[in-house]
Amino acid sequence: MKITRIFAHRVELPLVEGSYKWSGGKSVSVFDSTIVGVETETGLVGYGEVCPLGPFYLPAYAAGVRTGLRELAPHLLGYDPRELTKLNQRMDAALKGHAYVKSGIDVACWDLLGKATGLPICTLLGGRFGDQVRLYRAISQESPEEMARKVAGYRAEGYTRFQLKVGGDPDIDIERIRAVRAMLAPTDRLVADANTGWTQHEALRVVRAVRDMDVYIEQPCLTYEECLAVRRHTDHPFVLDENVDGLEMLLRAKADLAMDVVNLKISKLGGLTKTRQVRDLCVSMGLAMTLEDSWGGDVTTAAIAHLAHSTPEELRFTSTDFNSYVTVCNASGAPQRMNGYMRASTAPGLGIQPNWDALGPPVIDVTSHHDAAASPAATV
Ligand code: MG
């Protein structure tokens, strides 16, 4: 099996709530997502999706996905998409860094591997653990009262885990955490995610002020060292996210006892191949994980479901269903939330079909120089 074509479609994903706000006044109202297709001479096509959380969350931006794909795609024609380690090595040789650009191609090749073998990605990633995957709901940064009101609404829909977007004014953040925790059940889990928004002294003030509350603290400060300093002065369960962008940082943070939970995002790490490597190491080390992505629609949600469902339940802290946050359906067959949970598809690959009406014409289309049927061994 050989890659004969790599193409991409741009799709806008407006938010159900109108906007999504987090630390430092950052906000998005319409997400700019890229659906990547990898086609082979057999006629099988695999799909992936990359959707940065705006241009100011990680070193990633939506137009960069497409620019990177134009750079990378010609180097991959003729390669076997089922040989994922080789394919990733080829991508890393052709383009240094830019993990998020590679993520969509890697996920599309996992989709192809699943379709070629007749197996869901979940099975290929190690097997299905449990019946379903528990979800969290991210709560956009608003006034404490409004965030508590939203949590009550999502709780009524079945969610039991919530991630508050804090990282704003520390005094208001303390109120946000208190207002929301007060209306949760003792068994509900609450995460205060500052998304790097606090300075070190602000973070220390917040964790002291909510010391009596059952709340996890996620990525309080910009640098790893600042987070580590906060971590060493608090007994709240601690989550690292933005700082852990690969194996090296994971191992360093583990050795420093810098976190209790790590947030793994598929596109932050560069696709399912690299996320699986980090995930499996976390399982071996007994480290719990939030398994998700930066953002996305139905294709991303399907990939998250396969990753999460193939992770042992005791180490699966939370995941999320991005397709329920947006108004556009970019694929059919993706998991749909049921009472705060979702399930990975049992169909081959991701188990999705692109919704072409939502996608429109391709914005990238890189094919073999030779006719695919006449010359299956097409080269770069
Ligand atoms: Mg986070």
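Contact, on this tour, means heavy atoms within 4.5 Å. Before you click anything: this is a predicted model, where local features need pLDDT of at least 70 and side-chain atom pairs count only at pLDDT 80 or more, while totals for chains, interfaces and linings use all residues. Residues are numbered from 1 along each chain as its sequence is written, and side-chain values use heavy atoms, with hydrogens and water left out.

**Stop 1: Ser 319.** Select Ser 319 in strand S14 (residues 316–319); helices (H or I, at least four residues) and strands (E, at least two) are DSSP runs, numbered from the N terminus. What is Ser 319 in contact with, leaving aside its neighbours within four places in sequence? Show Val 133, Arg 134, Leu 135, Tyr 136, Leu 291, Ile 304 and Ala 308. Ser 319 counts as buried because its relative accessibility is 0% (buried is under 20% relative accessible area, exposed over 50%, partly exposed in between, with a 1.4 Å probe and protein chains only). Its side chain also reaches the backbone oxygen of Leu 291, at 2.9 Å.

**Stop 2: helix H6.** Now pick residues 170–182. The 13 residues of H6 should span 18 Å at 1.5 Å a residue, and the end C-alpha atoms agree, at 18 Å apart (the expected span is 1.5 Å times one less than the number of residues). Colour the buried ones: Pro 170, Asp 173, Ile 174, Arg 176, Ile 177, Val 180 and Arg 181. They are on the same side of H6, because they cover an arc of only 160° around the axis (taken from the directions from the helix axis to the C-beta atoms). Their cover includes helix H5 (144–156), strand S8 (161–165), strand S9 (189–193) and helix H7 (200–209). At the N-terminal end, look for the cap: a side-chain oxygen of Asp 169 lies 2.8 Å from the backbone nitrogen of Asp 171.

**Stop 3: two positive phi angles.** Most residues other than glycine have a negative phi. His 98, not a glycine, has a positive phi of about 55°; find it in the loop between helix H2 (84–94) and helix H3 (99–117). At 44% relative accessibility, His 98 counts as partly exposed. Then jump to Asn 339, also with a positive phi of about 55°, in the loop between strand S15 (331–332) and strand S16 (341–342). Asn 339 counts as exposed, at 57% relative accessibility.

Terms used
Polar contact = N/O pair within 3.5 Å; in protein donor to acceptor, adjacent residues only side chain to side chain.
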